Amino acid sequence: MIEDVIYLDNNATTKIAPEVVEEMLLFLKENYANPSSIYYLAQNIKKHIETAREKAARLLNAEPSEIIFTSGGTEADNMAIKGIAFANEKKGKHIITSSIEHHAVINTCKYLEKHGFEITYIPVDKYGIVDVDLIKKSIKNDTILISIMYVNNEIGTIEPVAEIGKIAREKGVYFHTDAVQAAGKIKIDVKEQNIDLLSISGHKFHGPKGAGALYIRKGIKIDALLHGGHQENNLRAGTENVAGIIGLGKACEIADEDLKNIKMKSEIKRLRDKLEKGILEKIPKIIVNGHPEKRIDNTLNICIKYIEGESILINLDLEGICASSGSACTSGSLEPSHVLLALGLPHEIAHGSLRFSLSKYTKEKEIDKVLEILPVIVQKLRNLSPFWKKGK
Ligand SMILES: *Cc1c(COP(=O)(O)O)cnc(C)c1O
């Protein structure tokens with residue numbers, strides 16, 4: 001039964017909060033009018049959309065007018081990067097990003113390369129932190145945008161966004177950050193951190209799938225991806241995903257409250273640390289990926305030497321435990337994660353990666369169960385591995 005599943009893949013998606021579902025239902029059922037219509041029924045829905053916008057703005061310390069609703073993190077990333085690129089191509093065609101971005105950013109940059117833009121991919125150190133000095137040195141006269149993620153989805157490393165924001169502002173270059181894994185987990189302040197554009201996604205913090213937002217600092221002009229009606233300040237045409245927007249707003253409101261709840265935050269970290277410590281004690285030859293301190297509280301990424309991450313996942317699944325071998329997009333492909341390779345890990349070790357990501361719904365007995373089962377699975381698989389016998 002779904003109730004018995006131990007869900008430790010919260011960086012792929014999270015359980016939608018019951019309070020979010022409840023609010024959304026009102027807008028899937030009776031409040032079905034098109035918010036662009038003029039009668040009361042429609043205008044009342046419009047008002048609720050604006051309240052959701054205020055809630056999203058509050059989570060980021062932005063103004064409501066600076067929030068554009070999108071269909072999720074991928075669209076927000078595309079909108080930010082292509083939007084700035086096409087609005088500024090007369091000024092310059094150089095963009096700086098990192099080698100460990102989500103595919104929503106990397107593949108958008110690759111697309112722009114085909115359209116004459118020049119992209120610099122900044123490397124990271126062994127913990128996954130970008131080289132800020134190199135970012136600074138890479139800025140040229142024709143640099144228009146720096147896009148560096150806030151928190152990496154695979155290893156949880158937190159990037160020095162405030163530092164990058166300061167450099168970008170001084171140099172007059174726009175700064176976008178993919179904050180999909182940061183929103184709702186750590187305090188974001190777009191003003192203090194000099195962030196010009198920032199992407200969030202509802203389903204990564206207990207909101208609905210298919211609903212996200214892009215923050216665009218007041219005064220910054222971008223090109224739209226979608227052309228049509230005048231919705232979202234002419235930047236995102238199409239009848240609004242009303243229930244999704246309402247759900248995203250509610251998720252932002254709850255996240256804002258949860259961020260003030262020190263006890264909840266420290267409990268997630270305590271359980272993650274317990275899992276990490278337990279695995280290191282019970283299983284030999286483990287590498288922990290990501291930064292020891294500058295890491296988001298809910299994420300543990302490890303490499304289990306001499307076995308494949310995928311085979312561990314299948315065995316965990318048979319026990320009702322959901323985890324990941326890295327990014328969901330890479331699962332099923334034979335290439336190891338580009339993030340782990342960027343850390344300098346060799347292919348054969350990167351293949352043995354496993355990611356556990358917790359949430360506020362994670363219970364201690366679930367962590368205990370993993371600590372009981374994982375060592376047995378690893379031992380079984382290692383006994384079958386010729387590399388383990390040789391390497392030991
Ligand atoms: C999940 C994720 C995305 C994509 O968001 P969607 O809403 O699923 O499109 C982008 N960036 C990061 C870092 C993510 O974790």
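Trainee: Which element gives the largest share of the lining of the largest cavity?

Mentor: Helix α7, with 5 residues. Two cautions first. This is a predicted model, where local features need pLDDT of at least 70, side-chain atom pairs count only at pLDDT 80 or more, and totals for chains, interfaces and linings use all residues. Residues are numbered from 1 along each chain as its sequence is written, and side-chain values use heavy atoms, with hydrogens and water left out.

Trainee: Why is this called a cavity and not a pocket?

Mentor: On a 1 Å grid over the protein atoms alone, a cavity is a set of points where a 1.4 Å probe fits but cannot get out; a pocket is an open set with protein on both sides within 12 Å along at least five of seven lines. The structure has 2 cavities of 30 Å³ or more.

Trainee: What makes a residue part of the lining?

Mentor: An atom within 4 Å of a cavity point. For the largest cavity, 22 residues pass, and G184, K185, H206, I268 and K360 lie nearest its centre. Two elements give two or more residues each: α7 (242-260) and α8 (262-282).

Trainee: How do the lining residues divide by type?

Mentor: Into 11 nonpolar, 5 polar and 6 charged. Asp, Glu, Lys and Arg count as charged; Ala, Val, Leu, Ile, Met, Phe, Trp, Tyr, Cys and Pro as nonpolar; the others, Gly among them, as polar. So a Lys is charged and a Gly is polar.

Trainee: Which domains supply this lining?

Mentor: Domain 1 (2-14 + 261-391) and domain 2 (18-258) each give at least three residues. Such bounds come from an automatic or database domain assignment. The C-alpha centres of the two domains lie 28 Å apart. Their contact, meaning heavy atoms within 4.5 Å, takes 30 residues from domain 1 and 33 residues from domain 2.

Trainee: What makes two strands a pair?

Mentor: At least two bridges found by DSSP. A strand is a DSSP run of E, at least two residues; a helix is a run of H or I, at least four; both are numbered from the N terminus. Take β5 (residues 143-147) and β6 (residues 174-178): 3 bridges join these parallel strands. I146 has F175 in β6 as its bridge partner. Helix α4 (residues 103-114) packs on that sheet, touching β3 (94-98), β4, β5 and β6, and its direction makes about 150° with that of β4. Axes are lines fitted to C-alpha atoms, for helices over the stretch in contact, and angles run from 0 to 180 degrees between N-to-C directions.

Trainee: What is the strand order of the 7-strand sheet?

Mentor: β2-β8-β7-β6-β5-β3-β4, open, with mixed pairing. β2 (67-70) and β4 (118-122) pair on one side only, which makes them the edge strands.

Trainee: Why is one side of β9 left without a neighbour in the sheet?

Mentor: Its sheet is open, with antiparallel order β9-β10-β12. β9 (286-289) and β12 (353-357) stand at the edges with a single partner strand each, so one side of each has no neighbour there. β9 pairs with β10 (residues 299-304) over 4 bridges, and N289 stands opposite N301. Helix α8 lies across β9, β10 and β12, at about 15° to β10.

Technical notes:
Points joined across faces, edges and corners; volume = space filled by probe spheres on them.
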